[in-house]
Amino acid sequence: MSISKILNSLEKSWEREDILLNLKNGYGTDEIVNEFLLKNENQIKELNSLLRPEDIDLLNQVEQLSTCESKLINEIKNLNYLEKNENHHILNQKKIEPFNTVSFNKISSFMINWSNKFVVIALLTISAIALSKQAWA
């Protein structure tokens with residue numbers, strides 16, 4: 001049998017809809033793969049005997065492509081999760097904000113004004129001390 005016939009046959013036995021249905025029904029990925037290997041053992045052995053080094057390289061590239069797609073799906077899923085969490089956090093902040101906004105604004109403006117005055121006074125004091133030391137020297 002030729003490689004293309006074997007690959008077509010294996011592709012027909014690996015129906016994506018069936019795999020998704022098995023996943024929804026609680027089958028693990030290892031179970032699904034092992035079951036596929038058992039059902040198609042002879043074809044897989046024949047395929048392995050027909051593979052050339054170039055074909056192995058191609059299989060490695062396809063594996064890397066699948067890994068990239070898996071990572072992309074995972075990142076999209078995580079991004080979606082993070083956005084939902086941020087939206088939830090923002091909604092929670094908006095609920096809390098009216099009670100703390102007034103006091104926070106007063107405290108922050110007081111701190112800004114006080115800290116600015118403190119820095120100016122400290123700089124003037126340091127300058128005065130430095131000038132008086134120079135004058136006494």
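Colleague: Is Leu37 buried, partly exposed or exposed?
Modeller: This is a predicted model, where local features need pLDDT of at least 70 and side-chain atom pairs count only at pLDDT 80 or more, while totals for chains, interfaces and linings use all residues. Residues are numbered from 1 along each chain as its sequence is written, and side-chain values use heavy atoms, with hydrogens and water left out. Buried means under 20% relative accessible area, exposed over 50%, and partly exposed in between (1.4 Å probe, protein chains only). Leu37 has 39% relative accessibility, so it counts as partly exposed.

Colleague: Which helix holds Leu37?
Modeller: Helices here are DSSP runs (H or I, at least four residues; strands are E, at least two), numbered from the N terminus. By that numbering, Leu37 sits in helix 3.

Colleague: And what is the accessible area of the nonpolar patch with Trp14, Val33 and Leu37?
Modeller: Patches take residues with over 30% relative accessible area and no salt bridge, joining like charges within 9 Å and nonpolar side chains (Val, Leu, Ile, Met, Phe, Trp, Tyr) within 5 Å. Areas come from the Shrake-Rupley method with a 1.4 Å probe, and for residues only the protein chains shown count as cover. For Trp14, Val33 and Leu37 together that gives about 240 Å².

Colleague: Which residues form the negative surface patch?
Modeller: Asp and Glu count as negative, Lys and Arg as positive, with His and the chain ends not counted. Asp18 is in helix 2 (residues 16–24), and its 44% relative accessibility makes it partly exposed. The patch is made of Glu11, Glu15, Glu17 and Asp18.

Colleague: How far apart are N and O in the salt bridge of Glu41 and Lys45?
Modeller: A salt bridge needs a side-chain nitrogen of Lys or Arg within 4 Å of a carboxyl oxygen of Asp or Glu. Both Glu41 and Lys45 lie in helix 4 (residues 41–50), four residues apart, about one turn of the helix. Glu41 is partly exposed because its relative accessibility is 36%, whereas Lys45 counts as exposed at 53%. Their N to O distance is 3.3 Å.

Colleague: What share of the 137 residues is buried?
Modeller: The chain has five helices and zero strands, with an accessible surface of about 12400 Å². Carbon and sulfur atoms account for 62% of that surface. Buried residues make up 8%.

Colleague: Which element has the lowest mean pLDDT?
Modeller: pLDDT is the predictor's confidence in each residue, from 0 to 100. The chain mean is 77, and 62% of its residues reach 70 or more. Helix 3 (residues 29–39) has the highest mean among the elements, 94. The lowest, 69, belongs to helix 5 (residues 53–136).

Methods
The place of a charge is taken as NZ of Lys, CZ of Arg, CG of Asp or CD of Glu.
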